Amino acid sequence: MKFSIEKNHLKNILFTLQHFLDKKDLSQITSHIFIKVKNKKLILKANNYEMGLKIESDSAKIENEGIATANGKQLLDIIKNLPDGDIEIYKSNNFLIINQEHSIFKLSMFNAKEYEKFPTIENKSKIKIDNSKFLEAIKRVIPSIDNNNSKFELNGALIN
């Protein structure tokens, strides 16, 4: 697996995925982001066994296909501290290598084949939502969500 991607684009993706990682136990695969390069797409997933998120990007320049995992927090910390520009990421032995100009970082990986499978959504009904309208609706609802109530029904919002 080998690809390159613009730093700010990758940083935004990794920042979004942080909410879906297990932060309590860093020795678990759920603290890692699953990285897959296939069919000219970069696919990143985060999953903490309760909820997950999958992001696909066409912005990466793909050299080799493959799969890998990396600790999500460590990966984001490295990417945030790099200067703007393209970053090269590749797999070497059991390590994920992050390379930019004179900087090289090495992160240990779990076996990517053991990563929790995401449910498939083929043959299920789908809706298409305009991003800006959806974000505006969420911004209006957020003030009414109670995060400290023991009744879990009041700790979220119903999307109907």
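Q: What space lies in the second largest pocket?
A: About 400 Å³ lies there, a volume being the space filled by probe spheres set on grid points joined across faces, edges and corners. The model is predicted, so local features need pLDDT of at least 70 and side-chain atom pairs count only at pLDDT 80 or more, while totals for chains, interfaces and linings use all residues. Residues are numbered from 1 along each chain as its sequence is written, and side-chain values use heavy atoms, with hydrogens and water left out.

Q: What makes Phe134 and Ile159 lining residues of the second largest pocket?
A: A pocket is an open set of points on a 1 Å grid over the protein atoms alone, where a 1.4 Å probe fits, with protein on both sides within 12 Å along at least five of seven lines; a lining residue has an atom within 4 Å of a point. Phe134 and Ile159 are in the lining, as are Leu135, Ala137, Ile138, Lys139, Val141, Ile142, Ile145, Ala157 and Leu158.

Q: What is known of the largest pocket and its lining?
A: About 690 Å³ of space lies in the largest pocket. Eleven residues line it, with Leu53, Lys54, Glu56, Phe118 and Ile121 nearest its centre. Strand S4 (residues 52–57) gives the largest share, four residues. The lining of the largest pocket has four nonpolar, two polar and five charged residues.

Q: Why is Ser57 called buried?
A: Buried means under 20% relative accessible area, exposed over 50%, and partly exposed in between (1.4 Å probe, protein chains only). Ser57 has 4%, so Ser57 is buried. Ser57 is found in strand S4, a strand being a DSSP run of E of at least two residues and a helix one of H or I of at least four, numbered from the N terminus.

Q: What makes the pair of Ser57 and His9 a polar contact?
A: The side chains of Ser57 and His9 come to 2.8 Å. The limit is 3.5 Å between N or O atoms; within protein, one must be able to donate a hydrogen and the other to accept it, and residues adjacent in sequence count only if both atoms are side-chain atoms. The side chain of Ser57 also reaches the backbone nitrogen of Ser59 at 3.1 Å.

Q: Why is Gln100 called buried?
A: Its relative accessible area is 4%, so Gln100 is buried. The place of Gln100 is in strand S8, and its side chain reaches the backbone oxygen of Asp86 at 3.4 Å. Gln100 also touches residues including Leu82, Pro83 and Ile87, where contact means heavy atoms within 4.5 Å.

Q: Which residues have the most contacts inside the largest nonpolar core?
A: They are Phe3, Ile35 and Ile98, in a core of 30 residues. Strand S1 (2–6) and helix H1 (7–17) are among the elements that each supply at least two residues of this core. A nonpolar core is a set of buried Ala, Val, Leu, Ile, Met, Phe, Trp, Tyr and Cys residues joined through side-chain atoms within 4.5 Å. Phe3, in strand S1, has a relative accessible area of 2% and is therefore buried. Among the residues Phe3 touches are Ile35, Val37 and Leu42.

Key. Nonpolar A, V, L, I, M, F, W, Y, C, P; charged D, E, K, R; others polar. Lists of a residue's contacts leave out its neighbours within four places in sequence.
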